[in-house]
Amino acid sequence: MKEAKIQATVNVGIDSLWKCLSKDLHSILPKVTPNLVQNAEVIEGDGSLGSVILFTFGPDVPKMKHQKEKIVELDESSHRIGLQVIEGGHLDLGFTFYRDSFQLTRISEKHTLVDVMVAYECETEETVFPSKTTASALACIKCLENHLLSTDAK
């Protein structure tokens, strides 16, 4: 199993970011990243552990049209969520396993540390794509941050 990691600090509190990432991801992500994610729909479950989300990608993701991801880790107390690709997307590009994990850590009332980790296995010697994915995940987090900051300002 290989891993790619990236870390960033965002200027929003952990509770509001956690809510976006864990409970509202499917409804907010298409609004804040329409070029990356055009649509996200919970197709199995209620959005909790074990649920499956179907992501339909936008024009900024030319090699993938959609992928299904299962919530394989959801820990409210430690603010950790893990999503594993179970169909389409990365699995159509030669990956045999692909999982994104997000760990949120409170820095202060209005600052949160976000650790993004991608664990993957690949049939080919792919080294660039997972780092692009961590960068894309971080871009999504930054879009969520901007959304929360603009919402708080209203």
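Guide: The secondary structure of the chain comes to three helices and seven strands, where helices (H or I, at least four residues) and strands (E, at least two) are DSSP runs numbered from the N terminus. This is a predicted model, in which local features need pLDDT of at least 70 and side-chain atom pairs count only at pLDDT 80 or more, while totals for chains, interfaces and linings use all residues. Residues are numbered from 1 along each chain as its sequence is written, and side-chain values use heavy atoms, with hydrogens and water left out.

Read from the N terminus, the order of elements is β-α-α-β-β-β-β-β-β-α. The radius of gyration, 15 Å, is close to the 15 Å that the globule rule gives for 154 residues, so the chain is as compact as a globular protein of that length; the radius is taken over C-alpha atoms, and the rule is 2.2 Å times the number of residues to the power 0.38. Of the 154 residues, 45% are buried, meaning under 20% relative accessible area, with exposed over 50% and partly exposed in between (1.4 Å probe, protein chains only).

Now to the core itself. A nonpolar core is a set of buried Ala, Val, Leu, Ile, Met, Phe, Trp, Tyr and Cys residues joined through side-chain atoms within 4.5 Å. The largest one has 31 residues, of which Leu 17, Leu 21, Phe 55, Phe 102 and Leu 144 touch the most other members. At least two residues of this core come from each of α1 (14-22), α2 (25-32), β2 (37-44), β3 (52-57), β5 (80-88), β6 (95-108), β7 (111-122) and α3 (129-153). Apart from it lies another core, of six residues, including Ala 4, Phe 95, Tyr 98 and Tyr 120.

Leaving aside residues up to four places away in sequence, Phe 55 touches Leu 25, Leu 29, Val 37, Asn 39, Ala 40, Lys 65, His 66, Gln 67 and Glu 69, contact meaning heavy atoms within 4.5 Å. Across the chain, 51% of the contacts with a separation of 6 or more are between residues 24 or more positions apart.

Ser 48, in the loop between β2 and β3, counts as partly exposed at 31% relative accessibility and touches Ile 71 and Leu 74, not counting residues up to four places away in sequence. His 79, in the loop between β4 (66-75) and β5, counts as buried at 14% relative accessibility and has a positive phi of about 55° although it is not a glycine.
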